[in-house]
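Opening the notebook on this one.

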Amino acid sequence: MQDKIAIISDIHIGAHSDNPKWHSIAVNYAKWLSATLKERGITELFILGDVFDNRKEVGVATLHTATLFFQELSEFKIRILTGNHDSYYSESSEVNSLSQFDEWDNITVYSSSKTILTRDCGKTYMMCPWGTSPDMETDRVDTVFGHFEINGFYMTRASMCDSGVASNDILKVSKRVFSGHFHMRDVRDYGESGSIVYVGSAYQLDWGDADTVKGVYLYDFESDGLEFIEN
């Protein structure tokens, strides 16, 4: 039995000062994503933060683009974590730009606290929005989804994170960790300790993303299988 989901992150709708070109890129990505997931029989999508680009204010055209983006994905069950760009405060998601999606029947937003859930296959998973983190001593789940700063991972091709949580600490919580936040896609295998996957941005957003491959991950909770589909 399969229990597959799709995973993306860091869409940054409204990038480059609400540039209409980037609005079109976002909507076109949603169209590609919808068609790709339907071909694969995937009905559930996880978005690991940074739906919007500007954390202080969201323009009217950007709000409209976000509506078009999620209308393209209206046939999917969607779970969204708040990211730092979705959150007004730098260390908390208490005030965020994703609350407008609370009334969408197919969308669940996780913003205020970490949440532990159980799949139909019996596997447990944790949703960690920006400003939250697992308890490294007591929390134990099969899979963690977050918007983390993990030490030693590249934020861009030329810049590495030298702060944040240590990989060996977060792997105490789960052997399978997925994160948004850094735009560089990265999969690291730590042997018996587990693996950490930075999903990366949905598409190339600036020169820091140039020549890097973007797309969508498919993850099977039941088998722990992972597949990447290039955009």
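**Strand pairing**

I looked up Val177 to begin with: its bridge partner in strand 14 is Ile196. Strand 12 (residues 176-179) and strand 14 (residues 195-198) run parallel, joined by 4 bridges. Strands here are DSSP runs of E, at least two residues, numbered from the N terminus, and two of them pair if DSSP finds at least two bridges between them.

Provenance note: this is a predicted model, where local features need pLDDT of at least 70, side-chain atom pairs count only at pLDDT 80 or more, and totals for chains, interfaces and linings use all residues. Residues are numbered from 1 along each chain as its sequence is written, and side-chain values use heavy atoms, with hydrogens and water left out.

Next I traced the open sheet: 6 strands, order 7-8-9-12-14-13, mixed pairing. Strand 7 (115-118) and strand 13 (186-189) are at the edges with a single partner strand each, so one side of each has no neighbour in the sheet.

**Strand 15**

How many residues of strand 15 are buried? I get 6 of 6 for this strand (residues 215-220), with buried meaning under 20% relative accessible area (1.4 Å probe, protein chains only). Strand 15 pairs antiparallel with strand 1 (residues 4-8) over 4 bridges, and Lys4 has Asp220 as its bridge partner. On to strand 16 (residues 225-230): 6 bridges join it to strand 15, again antiparallel, and Tyr219 stands opposite Leu226. The hairpin of strands 15 and 16 has 4 residues between them, and I noted a positive phi of about 65° at Asp224 in the turn.

Technical notes
Buried < 20%, exposed > 50% of the residue type's maximum accessible area, 1.4 Å probe, protein only.
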